[in-house]
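Good morning, everyone, and thank you for making time for this.

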Amino acid sequence: MAGRNHLYIPGPTNIPNEVLNAMHIAMEDHRSPIFPQLLTPLLQDLKKIFRTETGQAFIFPATGTAGWEIALTNTLNPGDKVLIYRFGQFSHLWAELAKRLGFDVEIHQETWGKGMPLDKLEARLKEDTGHEIKAVLATHNETATGVTSDIAGVRKAMDAAKHPALMFVDGVSSIASIDFRMDEWGVDGAISGSQKGFMLPAGGAFLAFSQKALKATETSTYPRCFLDLQDQMNTNKDGYTPYTPNLPLLYGLRKALDLLLEEGLENVYARHHRLAEGTRKAIAVWGLKLCAYPGFESDTVSAIMVPESKDARHVISTAFNKYNISLGAGLSELAGKAFRIGHVGDMNDVSMLGAIAGVEMALLDNGFDIKAGSGVAAAIEYYRGTAK
Ligand code: PLP
């Protein structure tokens, strides 16, 4: 099919041409005297994205899933109790990973479409007077349901319960695209990945740890090797890595960080909010509902429910086969019941309008009772009215 495939999934996201070009490099010696000139500033600038001055940033040649594992195995001991609220496929997978690694995982099932239940969290932590819970695992942006949780609220709940557990936050689909403040929110371990807000291919697990979490690594007896923070610290301090780095990704990250910092994080957050808001205007006009309950709507991904009489998979396959656009599938419990539009990464008003137009055509083809052009018109009005 002529024309490019339009990627509207919530990761991997579109890669800006400047970043693609920056990754097109000849290989270099990663033990050369000039390699630290690349790595050291990357680790410094990553801290700006995580919004931490007191924490330390890390880059692993891995993905977000490894980030979950790095946080747990470097700071905790085998069998330690961790608390997780499961409200979507990614919080589910994090809980399963913790179980498979041999932690004592206390899982609370929550409604898919809602986020961290702050009152319940506070009550549970107050009950844990012996401080058996060693870490709270919070998914900031549940990519499966398009739900954003209140992480400042998680900190408040933990402080109100005067609970010393570590707070680990999955920011794979939030960091570098929606408001995230590691120091201010007292996050001990922030986990992200290269392929969403960072606008890079998958293959980079980007993390930041607080001093409290780094201290915990000293007493952690969990066996680890490839994902050991200490090995990173030993080599990163001189600007090197414990094993061969993914050089194109690092050069791409340099450019992506330059772009994000040049735009300004507040502007990046505001752009994602506008793109999401325009998409939500279209969804409302189509008479469709988000999976997210009011107040939990994500600015990086919208999960859109279809009526029971319809199968969301048909919308996605029509969009792909007939119009060459890629939409996100409904995952697990939402398979067939929802499709997702990603509004994350290198996107602007017109790219969003392409997504909305493509979805509108696929919905019409699948017999949805909507008016051609209605979603596009609603988004246009919003984008025109709010463009600077
Ligand atoms: N956490 C969230 C919120 C995600 O959206 C994803 C992937 O989409 C992951 C974790 C897993 O990351 P990865 O696929 O990079 O291992």
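**Backbone, ligand and rings**

Let me begin with Asn324, which is found in the loop between helix H11 (312–323) and strand E13 (325–329), where helices (H or I, at least four residues) and strands (E, at least two) are DSSP runs numbered from the N terminus. Before going on, please keep in mind that this is a predicted model, in which local features need pLDDT of at least 70 and side-chain atom pairs count only at pLDDT 80 or more, while totals for chains, interfaces and linings use all residues. Residues are numbered from 1 along each chain as its sequence is written, and side-chain values use heavy atoms, with hydrogens and water left out.

Asn324 has a positive phi of about 60 degrees although it is not a glycine. As background, most residues other than glycine have a negative phi, and most peptide bonds are trans. Is Asn324 buried or exposed? At 12% relative accessibility, Asn324 counts as buried, since buried means under 20% relative accessible area, exposed over 50%, and partly exposed in between, with a 1.4 Å probe and protein chains only.

Lys162 also needs a moment, as its phi is positive, about 50 degrees, although Lys162 is not a glycine. Lys162 sits in the loop between helix H6 (151–160) and strand E8 (166–170), and with a relative accessible area of 70% it is exposed. A further backbone detail is the cis peptide bond that joins Gly11 and Pro12, with omega at about 0 degrees; Pro12 is in the loop between strand E1 (6–8) and helix H1 (17–23).

Now to the ligand. Which residues are around the ligand? They are Thr63, Gly64, Thr65, Trp68, Phe90, Asn141, Thr143, Asp170, Val172, Ser173, Gln195 and Lys196, where near means that one of a residue's heavy atoms lies within 4 Å of the molecule or strand in question. This shell divides into 3 nonpolar, 7 polar and 2 charged residues, if we count Ala, Val, Leu, Ile, Met, Phe, Trp, Tyr, Cys and Pro as nonpolar, Asp, Glu, Lys and Arg as charged, and the others, Gly among them, as polar. Helix H3 (residues 64–75) gives the most to the shell, with 3 residues.

A polar side-chain atom of Asp170 lies 2.6 Å from a ligand nitrogen atom, and one of Gln195 lies 2.8 Å from a ligand oxygen atom. Taken alone, the ligand exposes 390 Å², and the protein buries 86% of that, with areas from the Shrake-Rupley method and a 1.4 Å probe.

Finally, the rings: the structure holds 8 aromatic pairs, where rings of Phe, Tyr and Trp (its six-membered ring) pair if their centres lie within 6.5 Å, and planes under 30 degrees apart count as stacked, over 60 as edge-to-face and the rest as tilted. The rings of Trp68 and Trp94 have centres 6.0 Å apart and planes at 15 degrees, so this pair is stacked. The pair links distant parts of the chain, with Trp68 in helix H3 and Trp94 in helix H4 (residues 89–100), 26 residues apart. Trp68 counts as buried at 4% relative accessibility, and Trp94 is buried with a relative accessible area of 0%.

Conventions. A polar contact is a pair of N or O atoms within 3.5 Å; within protein, one must be able to donate a hydrogen and the other to accept it, and residues adjacent in sequence count only if both atoms are side-chain atoms.
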